[in-house]
Amino acid sequence: ALFFVLLLDPLAGTDPGFYLSFLAVLSLMVGFKGLAGFCAWQMFLRSQFIVFVALLVPLVVGLGSLVLLAPLANIIAIPLMTFIIVPGLFIYLGLQFCEPAALLALNFLSACLGVLEAFLLFLDQQALSQWPLAAGLSPLALFFLAIAGLVLILPKGLPGRYLALFALLPCYFGMLTSSKKPPVLSLTFLDVGQGLAVVVQTANYKLVYDTGPYYSPRFDSGKH
């Protein structure tokens with residue numbers, strides 16, 4: 001699968017989501033190896049736990065925070081998108097010959113997405129939604145996270161594997177934060193499609209500089 005994805009889109013390797021997706025699939029293969037006797041909802045809940053634990057280190061390094069309520073968001077969002085939104089879009093396309101029915105389907109899908117958006121915004125506003133790691137974690141803390149994640153997703157045959165949760169305690173209490181100080185000034189260049197935008201960040205301020213495209217001497221978005 002990795003080979004065919006790169007064959008179809010050679011630039012996919014530049015997207016962090018490319019590596020996160022395959023890491024998630026690999027973790028599911030390891031976590032479900034040799035397991036049997038689980039019903040569908042148990043398998044679904046376990047899959048969310050496995051992916052959450054497996055992506056701890058990449059997400060902490062990439063985002064600087066840990067989204068604690070991500071599994072809960074996925075429990076609602078994944079079934080809704082898989083069984084309602086995506087099939088509903090195909091139904092909507094198939095109803096183009098009947099405008100009233102197509103409009104009804106479109107309004108239903110819009111309402112479902114509105115409910116999902118409201119739910120995700122509600123989770124984002126909760127105090128426990130994220131565990132901020134502004135100071136960053138030391139390499140030793142990331143090592144503990146990686147080991148704990150690997151042990152927790154192993155099949156049930158490993159005795160005492162939930163003791164790996166204790167490896168997360170030093171990180172939780174801030175005992176292994178990095179000694180590096182945040183930069184005084186941070187510059188981020190964004191490719192926004194029609195040019196480049198620059199984000200300037202300091203400890204107290206954020207500035208987005210984007211003049212817009214230059215079409216001709218008579219029309220410059222930066223001046224208009």
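This is a predicted model: local features need pLDDT of at least 70, side-chain atom pairs count only at pLDDT 80 or more; totals for chains, interfaces and linings use all residues.
α5 covers residues 70-94 and α6 covers residues 99-124. Their axes sit 10 Å apart, and the packing angle is about 165°. Anything over 145 degrees counts as roughly antiparallel, so that is how α5 and α6 run relative to each other.

From α5 you'll find, among others, Leu 72, Ala 73, Ile 76, Leu 80, Met 81, Ile 84 and Tyr 92. Facing them from α6 are residues including Ala 102, Leu 106, Phe 108, Cys 112, Leu 116, Phe 119 and Leu 123. Sorted by class, the contact of α5 with α6 has 21 nonpolar residues, one polar residue and no charged ones. Gly 88 of α5 is part of this contact too, and since Gly is classed as polar, it accounts for that one polar entry.

Setting aside neighbours within four places in sequence, Met 81 is in contact with Val 86, Pro 87, Leu 113 and Leu 116. Take Leu 116: in sequence it is 35 residues from Met 81, and the C-alpha to C-alpha distance is 9.4 Å.

What about the cysteines? Cys 112, on the α6 side of the contact, has a relative accessible area of 12%, which makes it buried. Cys 98, at 29% relative accessibility, comes out as partly exposed. If you're thinking about disulfides, a search of the whole structure finds zero.

Next, hop over to helix α3, which spans residues 40-54 and holds Gln 48. Is Gln 48 buried or exposed? With 9% relative accessibility, it falls under the 20% cut-off and so counts as buried. Leaving out neighbours within four places in sequence, Gln 48 is in contact with Pro 71, Asn 74, Ile 75 and Ile 78.

Finally, zoom out. The protein has eight helices and seven strands. Of its 224 residues, 23% count as buried. Among contacts with a separation of 6 or more, 50% come from residues 24 or more positions apart. The Met 81 and Leu 116 pair, 35 residues apart and in contact, is one of these.

Definitions and conventions: Residues are numbered from 1 along each chain as its sequence is written. Side-chain values use heavy atoms; hydrogens and water are left out. Helices (H or I, at least four residues) and strands (E, at least two) are DSSP runs, numbered from the N terminus. Buried means under 20% relative accessible area, exposed over 50%, partly exposed in between (1.4 Å probe, protein chains only). Contact means heavy atoms within 4.5 Å. Axes are lines fitted to C-alpha atoms, for helices over the stretch in contact, and angles run from 0 to 180 degrees between N-to-C directions. Angles under 35 degrees count as roughly parallel, over 145 as roughly antiparallel, 65 to 115 as roughly perpendicular and the rest as oblique. A disulfide is a pair of cysteine sulfur atoms within 2.5 Å.
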